[in-house]
Amino acid sequence: MQNVLPQQAGLTVSNVIYRYTAVKQTPDDMLVHVQNQNVDAPGFIFRETDDWSGIPGNTINKVVPVNNIPGELWGDGSIEVEGKGTVTNASVFYSFQFEPCFDPQSNPSCPGYQDPFEMMMEEVKVYDPLDDSLIQDELDRKANLRDEDEELRQQRRAMAEGKKEDRLESILSIVNTALLTAEAQAKAAELINMNFIPQSYYQSIPDNKYEEKIVLKGGDIPDNKRGRRVGFAQQLLHEKMVDSQYNN
Amino acid sequence: MFKKSLAVLATIIGMNAAAEEVMITGTVASKCVITTDTVGVYGNPTPSELSTAPADGGVLPIVRYDVLQANFYKARITYPESFSESPGLSDVVTWTGEVTVAEVTDAGMSAYDTNKVEFNNVTEVDLTIAGSTWFQIESTADYGVGKAFPAGTYRAVVSADCIAL
């Protein structure tokens, strides 16, 4: 049936209309089968039998409803005669209909239509390696090791800091005890009395405004004539250099 | 006094009596439909003969009977025995005809040809199978004894009826 029915998805056959003339002698037995093979299963998808036994032959024009059988199930068709007699002028027609929304994506107006772009976006799955169980296990393992290292480090740090604190405390304890001694206090007072400590440590600096006191007499500074000569020579040399690139 | 009482009683009864008429309607659509499939044409093989046979240059008229219910109707087809329109004819016209089954929608209808009843110019067929049957009517008119038909237009009518059994 590939060359009879259009190759269109959603096509269903609703009626088979056939016509032929049975040529026979009236007393003879004759069965005529109009049939189509089933593509999906052994046997026929359609088979209609006309019994002409004991009756005169004639032309039959028959419409057989087939209740919308999908087009892709229809196999090769044939007319088979059982008994005595022949079939002439045979023709078989298939009345079919096409369901335009069989594939909802064929038309945006079809129910169930989905925007292809949205579908594409849904289909694109970003692979996050962190979701991989193997990688996650490895990361967990490393994290555990790091935690263990961190704990060890913290323990070491705690131990080291404990030692430092001990040393500082011991030093401070020495200083404090030294300061607490009367001898040290006397020495500190002596240092202050000797002005060993700069005055600025305990005297405020005046915040007065210092005005410009230097005055230029005449107010006119003449140009240096020798300098002008040098400047002119430099200008000449500069122009000579600039012109040299155009002379060649 | 008695007459008066009777009259009053009758009046009371008359006042209490009531009547209603309820309408029932229904429509029956025929389950037998006759359709002209092909209009016939007379051929003129010889000057004295008019015939619908294709061999004589004519066209057989065909009528189709569509029966939705089997065994409820019979077809009655009458081939013509006179012209409905013709030039003036001074001699006798001899009519012959035949009604046969031309096409069927069920093989069993082919038996109508053997089971039909023919009398005079009438053919009756019991429509025992639901479906469509095409009947073709052959009609021949012979004028006089080898006499030529006058020139002109000739018309005859085939009558096809569906009669409820």
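## Terms and model

A residue is called buried if 20 or more other C-beta atoms lie within 10 Å of its own, exposed if 12 or fewer do, and partly exposed in between, with the C-beta atoms placed from the backbone. This is a predicted model, in which local features need pLDDT of at least 70 and side-chain atom pairs count only at pLDDT 80 or more, while totals for chains, interfaces and linings use all residues. Residues are numbered from 1 along each chain as its sequence is written, and chains are lettered from A and ligands numbered from 1 in the order in which they are written.

## Where the chains touch

The contact between the chains takes 11 residues from chain A and 10 residues from chain B, where two residues are in contact if their C-beta atoms, placed from the backbone, lie within 7 Å. On the side of chain A that touches chain B, β3 (44–51) and β4 (59–70) of chain A each supply at least two residues, and the largest share, 4 residues, comes from β4(A). Strands (E, at least two residues) and helices (H or I, at least four) are DSSP runs, numbered from the N terminus.

The residues on this side of chain A divide into 4 nonpolar, 4 polar and 3 charged; here Ala, Val, Leu, Ile, Met, Phe, Trp, Tyr, Cys and Pro count as nonpolar, Asp, Glu, Lys and Arg as charged, and the others, Gly among them, as polar. Strand β4(A) is also joined by 2 bridges to strand β6 (residues 93–104) of chain B, and the two run parallel; two strands pair if DSSP finds at least two bridges between them. Within this pairing, Thr59(A) stands opposite Glu103(B) in β6(B).

## A sheet in chain A

Chain A has an open sheet of 3 strands in the order β3-β2-β5, with antiparallel pairing. Because β3 and β5 (74–83) of chain A stand at the edges, each with a single partner strand, one side of each is left without a neighbour in the sheet. Strand β2 (residues 30–38) of chain A is joined to β5(A) by 8 antiparallel bridges, and Gln35(A) stands opposite Ser78(A) in β5(A).

## Two residues of chain A

Gly54(A) is placed in the loop between β3 and β4 of chain A, and it counts as partly exposed because 13 other C-beta atoms lie within 10 Å. Leaving out residues up to four places away in sequence, Gly54(A) touches Thr26(A) and Pro27(A). The C-alpha atoms of Gly54(A) and Lys24(A) are separated by 9.7 Å, although these residues are 30 residues apart along the chain.

Asn89(A) lies in strand β6 (residues 86–98) of chain A and has 9 C-beta neighbours inside 10 Å, so it counts as exposed. The phi of Asn89(A) is near 50°, a positive value in a residue other than glycine.

## Chain B

Chain B has 2 helices and 10 strands, and buried residues make up 28% of its 165 residues. Strand β5 (residues 73–78) of chain B is joined by 6 antiparallel bridges to strand β8 (residues 122–127) of chain B, with Thr123(B) in β8(B) as the bridge partner of Ile77(B). A further 6 antiparallel bridges join β5(B) to strand β10 (residues 159–164) of chain B, where Tyr73(B) stands opposite Ala164(B).

Asn71(B) is placed in the loop between β4 (62–67) and β5 of chain B, and it is exposed, with 12 other C-beta atoms within 10 Å.
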